[in-house]
Amino acid sequence: MNNLTEQDIRTKYITPAILKAGWDIQTQLMEEVSFTDGKIYVKGKLTCRGEKKRADYILYYKSNIPIAIVEAKDANHSVSDGIQQALDYSKILDIPFVFSSNGNGFYFHDKTASAEEIENEISLDSFPSPDVLWNKYKAYKGLQEPTVEKIVEQDYYPDSFDRKPRYYQQIAINRTIEAIAKGEKRVLLVMATGTGKTYTAFQIAYRLWKAGAKKRILFLADRTALIDQARRNDFRYFRDKMTVIKKKVVETQGKESLVSTHKRGIDSADKAYEVFLGLYQGLSSTDVNIKDAYKDFSEDFFDLVIVDECHRGSAKEDSAWREILTYFSNATHIGLTATPKETDVTSNSEYFGDPIYTYSLKQGIDDGFLAPYKVIRIGLNVDLDGWRPPKGYLDKDRNPVEDRIYNRKDFDRNIVIDERRKLVAKKITEFLKGGTRFEKTIMFCVDIEHAQGMRNELVKANSDLVAENDKYVMQITGDNNEGKMQLDNFTNPEEKYPVIATTSKLMTTGIDAQTCKAIVLDSNIQSMTEFKQIIGRGTRINEDYGKRYFTILDFRSVTDLFAIKSSTVIR
């Protein structure tokens with residue numbers, strides 16, 4: 001036996017012992033399971049992936065409920081030699097039953113047991129059955145009630161592309177389902193941008209709806225792009241059971257009322273749907289003379305309300321958006337965010353409670369599910385040394401400028417220095433020329449006027465490519481309809497243009513830019529929430545289009561404030 005490899009030990013001893021205990025090899029036993037993609041390492045313009053984390057065995061009570069992990073060793077190791085590695089994996093995967101084996105027996109670490117019985121050695125013939133571990137799992141999690149168990153056991157939606165939740169999505173879904181099944185009314189999930197919050201929300205909604213626990217569901221967001229993405233992609237299963245709540249125009253005495261164009265509402269016939277997608281702005285009104293559309297529904301109409309990007313308006317106690325949640329307070333509320341907001345006046349935790357699960361940007365990068373980044377900090381002389389206006393200089397509102405030394409906190413908000421904008425455009429262009437010049441780039445500016453000005457300067461700096469296609473550079477801001485119409489093209493990996501987008505706030509959230517390879521920071525960002533949202537525009541990976549990492553070009557030392565190391569400094 002000492003000559004047998006680890007694979008031999010698994011084949012001859014470990015797998016037969018598990019199967020003898022009643023585990024089904026087709027549906028309950030998975031061998032050599034890779035649960036991360038392997039971190040991407042970047043050196044210059046070259047990338048490589050690190051090793052994937054891989055468990056020898058993961059045992060599932062049902063396809064969506066992993067409950068045990070087994071680490072195998074060859075016969076030259078002791079029976080317990082794999083237990084520490086298995087425990088590390090079990091912590092990541094949220095699995096309570098941990099085994100190590102060298103083919104002579106099993107070493108069992110039981111997180112549900114008392115301290116005195118937490119670890120013991122058992123024989124090959126004593127491996128526990130699925131029902132034994134499931135009953136221990138239910139007692140540990142408090143899931144013994146038949147109605148609770150029915151909800152928890154509900155399967156995932158079987159994707160036609162055989163897509164399955166990643167391990168962290170599975171944890172987020174299962175913890176949320178378990179909490180709601182036990183009666184929790186408020187649940188908060190914190191998941192980094194690009195890790196599939198909407199897909200996670202869909203699987204939660206589907207399982208609760210399919211189990212009959214939640215029959216009417218409202219998905220709330222604050223951007224039309226988020227609603228459209230959810231409807232077209234992750235929530236598309238619901239199809240004829242789903243509707244989008246839209247603004248309505250009401251006519252008065254045969255004429256369209258100017259005031260009533262802001263009235264929101266939904267026909268009574270539409271209430272036959274079971275899943276509703278809606279904007280906060282589509283359900284509430286700032287006009288005191290107009291009835292809020294959410295009041296067209298009874299207070300107990302919805303069983304489940306999912307709040308996307310809940311760090312925004314819904315976190316504020318006195319916001320109009322919070323009124324919607326208060327009105328539907330009988331429903332279960334799930335908050336989704338990449339950046340929980342905690343300030344003296346705004347708190348996600350105050351409303352939703354502490355996060356039931358957190359999957360961070362760092363963890364996503366370490367696991368290889370999110371793109372790493374390089375930082376290039378560009379210090380312009382006018383920023384580093386300050387700037388004093390010449391006599392008679394006017395600000396952008398054509399008012400005389402006070403005679404003093406100005407720094408980058410002033411630039412583009414009150415004072416426009418044309419030469420600085422030209423230099424910024426030149427540096428961005430030089431960076432792109434070091435690659436293909438067609439790497440999707442988002443530039444975050446101080447405000448809309450700054451975004452417009454930088455669009456103009458980037459057009460001049462890249463006039464050769466703009467002559468080939470005038471959409472090479474586009475201003476994409478809330479007030480610019482032409483730019484907004486190009487947003488889908490910018491985020492579509494198959495569309496070449498636009499290449500460079502200048503923006504202020506519009507593209508900070510809800511934009512799935514899979515092939516964005518450069519994030520330009522030329523705005524005075526002070527909020528960690530906003531910073532993480534902006535960085536999240538670059539964290540998607542799309543290996544089919546060569547997107548494995550992205551670069552942050554920092555013109556305002558924003559990365560200093562948030563302890564992001566700079567790989568390159570350009571002056």
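Q: How many disulfides does the structure hold?
A: The structure, a predicted model, holds 0 disulfides. A disulfide is a pair of cysteine sulfur atoms within 2.5 Å.

Q: And Cys445, is that buried or exposed?
A: Cys445 is buried, at a relative accessible area of 2%. Buried means under 20% relative accessible area, exposed over 50%, and partly exposed in between (1.4 Å probe, protein chains only).

Q: What about Cys48?
A: Cys48 has a relative accessible area of 44%, so Cys48 is partly exposed.

Q: Changing topic: what is the mean pLDDT of the protein chain?
A: The mean is 87, and 89% of the residues reach 70 or more. pLDDT is the predictor's confidence in each residue, from 0 to 100. In this predicted model, local features need pLDDT of at least 70 and side-chain atom pairs count only at 80 or more, while totals for chains, interfaces and linings use all residues. Residues are numbered from 1 along each chain as its sequence is written, and side-chain values use heavy atoms, leaving out hydrogens and water.

Q: Where does pLDDT stay under 50?
A: That happens over residues 249-265. Where pLDDT is low, the predicted coordinates should not be read in detail.

Q: Which strand has the lowest mean pLDDT among the elements?
A: Strand S13 (residues 255-256) does, with 42, whereas strand S6 (residues 97-101) has the highest, 98. Strands (E, at least two residues) and helices (H or I, at least four) are DSSP runs, numbered from the N terminus.

Q: What is the order of the strands in the open sheet?
A: The 6 strands follow the order S1-S4-S5-S6-S7-S8, with mixed pairing. Two strands pair if DSSP finds at least two bridges between them.

Q: How does S1 pair with S4?
A: S1 and strand S4 (residues 54-62) pair in the antiparallel sense over 5 bridges. In this pairing, Met30 stands opposite Ile58 in S4.

Q: Which residues have the most contacts inside the largest nonpolar core?
A: They are Ile18, Phe99, Phe106 and Phe235, in a core of 83 residues. Helix H5 (residues 167-181) gives the largest share of this core, 9 residues. A nonpolar core is a set of buried Ala, Val, Leu, Ile, Met, Phe, Trp, Tyr and Cys residues joined through side-chain atoms within 4.5 Å.

Definitions and conventions: Contact means heavy atoms within 4.5 Å.
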